[in-house]
Structures are given as structure tokens and as C-alpha cells.
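Here are a few notes to read with the model open beside you. They start at the hairpin and then move on to the helices.

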Amino acid sequence: LLLHYDWMPSVHLNITMRLDSLAALFSLIILGVGALVLLYCWGYFDSNPGRLSAFGGQLVGFAMAMYGLVISDNILLMYVFWEITSVLSFLLVGYYGERASSRRSAGQALMVTTLGGLAMLVGIILIGVQTDVWYFSDVPAFEGNWADVPYISIGALLILAGALLGLVFGSLAIRRQGIYFAMITLALAQMVFFIALQAPFTGGE
């Protein structure tokens, strides 16, 4: 299942969504765990209506950004959704904004995930420029051997390192807010998804 809409074709950034078996599996994990997180947080956080509604909106936005990440066929669009999760992670970690420790953790989380995102972007551009492959659906049709593409290993490692950096630091920061196990499940699902995406770039043709 594929949906395409031209957005910025001059920079290879279009709204293209795909739903294959891998994307469907991780969509179920992300949306299912996201729903469980909302149920868990319902009885955990304080009863301040304004704060709770903002947190709920941020958490739903985080889950939706991750859902967009796993169904994106355009690789740069996937990166856009990744950066949205970074911003929303900053807001979630800084839930108790009146606390210095919360503000410090949020700032650290944003800084590290931004650095990871930049590494990922460099890797995506490096692979895209060398192969002219900007869509996951174009990977099987690539003519040639992936192992012969210059800097392909560096590009794949940069993408994986960016995802790993966001996973490790983001999970440690979110742990302080009391929703560690649920959010780490989402982060691990995201990490496994990125590892699965590396296979076409490192496994030959």
C-alpha cells in the first residue's frame, strides 16, 4: 500500500507513505504501547487539567510521529518525523518545568538527540547522493552492488549511530518521569526498526 504526494521534489522530500509487513508490525507495536502509556499515565500524574491535557497531547503527538516514521517511504520524510520525536521528547522530559533537574534533563535530551539527528541526516544524504535512492521502495530496484557504493558503510553507521544515541539518552532521561518501561518499549521498537532498515544497505544487492 503506497500513498504519494509531491511536497518538495527539488530536494527529494515528498510525502510518501507505505504500509508493508514491517511497517504494519511496528505500527501495531507503537500504537498499542502508546495507548497503554496513556492509560498508565491517567492515574500517575497530578490532576492539574491544563498540565495533564498538554502532556496527553504531547504523548499522542510523540506516538503519531513515531507512527509516521515507520510508515514513511521517503527517507528524508522519515528523518523529519524523527526530529519531531526529538522535540516532543524534550517537552515530555520537561514535564515538571518548575524543577531545575527537569529543565536540565530536557535540555540535555534535546541536545543529544539533535546531535544524533544530525548524524542521521549526514548518513541519509551520503547514501542518497551516492545512489540516488531516496525512497525505501527504490532499494530493491537499485542497479548495482551496495557493497561497491563509496562510503555506504559510513552512511549506514551514521544512521544507526544517530538512532542509538537517541534511544539510549532519551530513555535514560524519560526514566526520571516515571514512565520508563512503557517509553523504553517504544524506543526499542524504534531502534529495531532502524536496524531492520540497514539490511538492504549492507547486505549486497
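**Notes on the predicted model**

1. Start with the two strands. β1 (residues 2-8) pairs with β2 in the antiparallel sense, over five bridges. Keep in mind that this is a predicted model. M8 has L13, in β2, as its bridge partner. Four residues sit between the strands of this hairpin, and H12 takes a positive phi near 65° there.

2. Next, have a look at helix α3, residues 75-93. At the start of α3, a side-chain oxygen of N74 comes to within 3.0 Å of the backbone nitrogen of L76.

3. α3 is also largely enclosed by the rest of the structure, because 14 of its 19 residues are buried.

4. That brings us to the largest nonpolar core, which has 39 residues; L69, V70, M78, M120, I124 and W146 touch the most other members. The elements giving two or more residues to this core are β2 (13-18), α1 (21-42), α2 (49-71), α3, α4 (100-131) and α5 (152-175). The largest share, nine residues, comes from α3.

5. Is I30 buried or exposed? Its relative accessibility is 1%, so I30 counts as buried; the cut-off for buried is under 20%. I30 and M66 are 36 residues apart in sequence, yet their C-alpha atoms are 7.1 Å apart in space.

Conventions: Residues are numbered from 1 along each chain as its sequence is written. This is a predicted model: local features need pLDDT of at least 70, side-chain atom pairs count only at pLDDT 80 or more; totals for chains, interfaces and linings use all residues. Side-chain values use heavy atoms; hydrogens and water are left out. Buried means under 20% relative accessible area, exposed over 50%, partly exposed in between (1.4 Å probe, protein chains only). A polar contact is a pair of N or O atoms within 3.5 Å; within protein, one must be able to donate a hydrogen and the other to accept it, and residues adjacent in sequence count only if both atoms are side-chain atoms. A nonpolar core is a set of buried Ala, Val, Leu, Ile, Met, Phe, Trp, Tyr and Cys residues joined through side-chain atoms within 4.5 Å. Two strands pair if DSSP finds at least two bridges between them.
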